[in-house]
Amino acid sequence: MTTFQIGDAAELLGVSTDTVRRWVDAGRLAASRDQQGHRVIDGVDLAAFVRGQAAGPDERADESSARNRLRGIVTAVVKDTVMAQVDIQAGPFRVVSLMSREAVDELDLQVGSVAVAVIKSTTVVVERATRR
């Protein structure tokens, strides 16, 4: 059984340790005590909590087979004559996309604009994270 200390859970969720403590204290997130008396959260409980916090379906979900959408802010656009690189910061995640310059111009992607990175799940590599 995987358990997470409050700080580890906070890091995974991208919130402060105080926020996780408040959720536990309010009964929104279950926690128990380990042998040292520290509060820990069961991995299954944390996953259920995250699923419950997830945003509803994307309004374009019925228009595309891609289900992985990361909304963020464009932080960099580098164009040459044919291709372009667009960097998007979506929460704690940096997503880099290479596309045609024509697509960047048609979408009017500029630093500071909001964009959605759509990732087709058949090309996502998943690795098992190691504990720090």
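Which residue in E5 is the bridge partner of Ala76? Asp87 is that partner. This is a predicted model, where local features need pLDDT of at least 70, side-chain atom pairs count only at pLDDT 80 or more, and totals for chains, interfaces and linings use all residues. Residues are numbered from 1 along each chain as its sequence is written, and side-chain values use heavy atoms, leaving out hydrogens and water.

**Sheet**

E4 and E5 pair in the antiparallel sense over six bridges. Pairing requires at least two DSSP bridges between two strands. Strands are DSSP runs of E with at least two residues, and helices are runs of H or I with at least four. The open sheet has four strands in the order E6-E5-E4-E7, paired antiparallel. E6 and E7 are its edge strands, each pairing on one side only.

| Strand | Residues |
|---|---|
| E4 | 68-79 |
| E5 | 83-90 |
| E6 | 93-100 |
| E7 | 114-119 |

**Cores**

A nonpolar core joins buried Ala, Val, Leu, Ile, Met, Phe, Trp, Tyr and Cys residues through side-chain atoms within 4.5 Å. Buried means under 20% relative accessible area, exposed over 50%, partly exposed in between (1.4 Å probe, protein chains only). The largest core has 11 residues, including Phe4, Trp23 and Phe49. Helices H1 (6-13), H2 (17-25) and H3 (43-53) each give two or more residues to this core. A second, separate core has 10 residues, among them Val74, Val95, Leu109 and Ala117.

**Loop**

Val82 is found in the loop between E4 and E5. Why does Val82 count as exposed? Because its relative accessibility is 56%.
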